[in-house]
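Hi everyone, thanks for making time for this.

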Amino acid sequence: MYRAPINEIAFTLKEVAGLKQLQGLPGNEELSEDLVDAILSEAAKFAEEEIAPLNRKGDLQPAQLVDGAVKTTPGWKECYTNWYQGGWNSLTGSPEFGGQGLPNMLHVAVMEMWNSGNMAFTLGPTLTIGAVEALEKHGSEYLQSTFLPKLVSGEWTGTMNLTEPQAGSDLSALRTRAEPQPDGTYKIFGQKIYITYGDHDMTDNIVHLVLARLPDAPAGTRGISLFVVPKYMVNADGSIGAQNDVRVAGVEHKLGIHGSPTCTMVYGDEGGAIGYLVGEENRGLACMFTMMNNARLAVGVQGVGIAELAFQQALAYALERKQGKAPGAQDEGMSAIAAHPDVKRMLLSMKSKAQVARAICYACAHALDMSKAAPDEAGRKFWTERAGLLTPIAKGYSTDIGVDVASIGIQVHGGMGFVEETGAAQHLRDARIAPIYEGTNGIQALDLVMRKLPLSGGDHVKAFIAELREIADQVAAENMPEMGSTGRKLRAAVNDLEEATLWLLEAQGNGQLAEAQAGATPYMKLAGLTLGGALLAKGALASKAEDELTRKRRVQVARAFAETELGETAGLKETVTESSQGILSVDIAEFA
C-alpha cells in the first residue's frame with residue numbers, strides 16, 4: 001500500500017528545488033511553512049486513503065462504453081467528487097475564478113502523490129488544469145466567465161483534442177474543420193482520437209478544447225485555430241442546456257492506465273458541434289501550447305509517481321521475501337533478498353532515480369513560478385528560459401525513469417513480478433504511456449537541443465552548466481568521506497555535458513542540423529543524469545541539519561547515483577559528438 005513520502009517531498013521542495021526563494025517574493029507572502037506542510041499532509045491523506053485503494057480496481061475493471069456513454073470504474077465518481085469538493089482542483093487557479101492562487105511547486109508536489117496513488121484517475125484532473133491555464137491566458141471574457149469557475153473548481157472537467165488518425169505528432173495534417181456562423185460561433189466537424197477522459201460519468205459537463213481549421217486557413221500548422229466545444233451547452237444563467245453535437249465513438253483497449261477512458265470523439269454528425277474561438281483565428285497552436293507545456297511537466301510528474309510507488313512495493317517485497325543466504329549473514333536460515341548485494345543495488349537504483357525525477361520536476365516547477373514572480377524583467381526572462389530548458393528534461397528523462405524503475409521493480413519481484421497477482425506489472429504497464437503522449441520523448445529531446453540550447457545565443461545553457469559545476473566543486477571542497485567519489489564523478493559528468501553542449505551548438509551554427517538531431521536523445525539523457533546527480537548532491541549537502549539517520553540516507557542515495565549512474569555520461573557524450581555519421585549514413589529502408 002502506498003505511503004506518501006512527505007518528508008522527502010517537503011525537503012526537495014524547500015532545500016533542493018528553491019521554494020524558500022519563492023516564498024520571499026511579492027504575491028507569495030501567505031506561502032508559510034505551516035501552510036505548505038498542512039497542504040502536503042492533507043494531500044498525502046487523500047492519496048493514501050481515497051485514491052490509492054482504487055488503483056488496482058481501475059486496472060481490473062476498466063472504463064467501459066455503455067449505450068453510447070462512458071461508465072468509469074466503480075468508486076471513481078465518488079472519489080472525484082470528494083476530490084474537487086476538497087478544493088484540490090483549484091489549488092493553482094486564479095482567485096478571480098475561485099482558485100487558491102498557489103504556486104506550481106505545490107501543485108507538482110501533490111500531483112506526485114495523486115499519481116503514485118492512482119495514475120489513471122489523476123489523468124482527468126491533469127487535463128482540466130491544463131484547460132484552465134489555456135483559458136486564463138487566451139480565453140475571451142465570455143469564455144472565462146462561462147467556463148472557468150466550474151473548471152477551476154473541478155465541477156466540470158476539460159480535455160485536449162489534438163490527435164487525428166492521420167495527424168499525430170505532425171499537426172500540419174489536421175483535418176477537423178470549423179465553419180464560422182453569423183452569431184459569432186463556429187460549427188465543428190471532424191474526428192479526434194486518443195482523447196483522455198473524452199467522456200465519463202464523473203461530472204455534469206465536459207469542456208473540450210479542439211484544434212480545427214477554418215475554410216480559408218493557411219496550410220500547415222499556421223492555419224490551426226483552437227475552440228471550446230462543451231459536451232452540453234451552457235445557458236445564460238450558467239445552467240446546463242442541450243447536448244452539443246459531440247459523441248464518443250469508442251474507448252481504446254490499452255496496455256495500461258485501464259481506468260482512464262481514452263476516447264475517440266466525433267464532432268458534427270448531426271449538423272455541426274457548436275464551438276467558441278479561443279484567442280485569434282489561425283493562432284490555435286500557440287494557445288494549445290499553453291496547455292501542452294503544463295501537461296508536459298505534469299506527465300513528468302507521472303514518472304515520479306510511478307517510480308516512487310514501484311520502489312515502495314519492491315522494497316516491501318524484498319524485505320519479506322527470503323531466498324538463499326546473503327554474504328556475511330549471521331542468522332540461521334535464508335536471508336531476505338534485500339540483503340543480497342545485487343538486489344540491494346537494484347533497490348538503491350530505484351530509490352535514487354525516483355528522487356532524481358522528483359528533484360528535476362520540482363526544479364522545473366520552481367522555474368515556472370519564478371518566471372511569473374521575479375520582480376524585474378531580466379529575472380522573468382531568465383526564469384522563463386530556465387523553465388524552457390528544464391521542461392523537456394522533466395518530461396522526457398523523468399518518464400524514462402518511471403519506466404525503468406517500474407521494470408526494475410518487476411525484476412526485484414522475480415517471477416511474482418511477471419504475473420499479475422502482485423500488481424508490480426501494472427506499474428510498468430501504466431508507466432509505458434508517459435514517454436509517448438504529450439509529445440514523445442524523442443520530440444522532447446529535439447525541443448531541448450534545437451530550441452532550448454540556443455536560447456540567448458547559448459548563454460543560458462552555459463550559465464546552467466556553470467551552476468551544476470558550482471555544486472560539483474562544493475561537494476569536492478567539502479571532502480566528506482561518506483560521499484565517496486561523488487564530487488569527482490559529478491565533475492566529470494559536468495565536463496561531459498559541457499563538451500556535448502558546445503558541440504551541439506557549434507553543429508547547429510554550422511548548419512549541421514541532422515547531426516545535431518541524431519544526438520538529441522542521448523543528449524537529453526546526459527543532461528538528465530548530470531542535473532539529477534547535482535540535485536541529489538545538493539540535497540546531501542543541505543541535509544546537515546537533519547537527524548543522523550535521514551542525513552545518512554540522503555548521502556547514501558546521492559553517492560549511489562553518482563557512483564553507479566554517472567559513469568554513463570562519458571559514453572553519452574561520445575554518442576552525441578561522434579556517432580551521428582554512423583546513423584545518418586544508413587538507408588533504413590534497406591533493412592526492410
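Let me start with a question: is E568 buried, partly exposed or exposed? Its relative accessibility is 33%, so E568 counts as partly exposed. Keep in mind that what you're looking at is a predicted model.

So what does E568 do with its side chain? It meets the side chain of K525 in a salt bridge, at 2.9 Å from N to O. That pair links distant parts of the chain, with K525 in helix α17 and E568 in helix α19, 43 residues apart. K525 is also partly exposed, with a relative accessible area of 34%.

Let's stay with α17 for a moment. Helix α17 covers residues 520–541, which is 22 residues. From its first C-alpha to its last it reaches 31 Å, close to the 32 Å expected at 1.5 Å a residue. Now, 19 of those 22 residues are buried, so α17 is largely enclosed by the rest of the structure.

Now for the inside. In soluble globular proteins, nonpolar side chains tend to be buried together. Here, the largest nonpolar core has 135 residues, and W114, V412 and Y523 have the most contacts inside it. Which helix gives the most to this core? That's α9, residues 341–373, with 17 residues.

Side chains of opposite charge can pair when their charged atoms come close. The count for this model comes to 31 salt bridges. One of them joins the side chains of R247 and D269, at 2.7 Å from N to O. R247 sits in strand β10 and D269 in the loop between β11 and β12, so this pair ties together parts that are 22 residues apart in sequence. R247 is partly exposed at 40% relative accessibility, and D269 is partly exposed too, at 48%.

Another pair is E308 with R358, whose side chains meet at 3.0 Å, N to O. E308 is in helix α8 and R358 in helix α9, and they're 50 residues apart. Are these two buried or exposed? Both are buried. And then there's a network of salt bridges that links E8, K351, E546 and R554.

S90 lies in the loop between α5 and α6. Setting aside its sequence neighbours within four places, S90 is in contact with G98, G99, Q100, G101 and V152.

Compare that with G328, in the loop between α8 and α9. G328 is exposed, with a relative accessible area of 64%.

Last one: F591, in the segment after α20. F591 is exposed, with a relative accessible area of 64%. Together with V586 and I588, F591 forms a nonpolar patch on the surface, with about 350 Å² of accessible area.

Methods: Residues numbered from 1 in each chain as written. Predicted model: local features only at pLDDT ≥ 70, side-chain atom pairs only at ≥ 80, totals over all residues. Heavy atoms only, no water. Core = buried A, V, L, I, M, F, W, Y, C linked by side-chain atoms within 4.5 Å. Buried < 20%, exposed > 50% of the residue type's maximum accessible area, 1.4 Å probe, protein only. Helix = DSSP H or I, 4+ residues; strand = E, 2+ residues; numbered from the N terminus. Expected span 1.5 Å × (residues − 1). Patch = residues over 30% accessible without salt bridge, like charges linked within 9 Å, V, L, I, M, F, W, Y side chains within 5 Å. Areas by Shrake-Rupley, 256 points an atom, 1.4 Å probe, with all protein chains shown as cover. Salt bridge = Lys/Arg side-chain N within 4 Å of Asp/Glu carboxyl O. Contact = heavy atoms within 4.5 Å.
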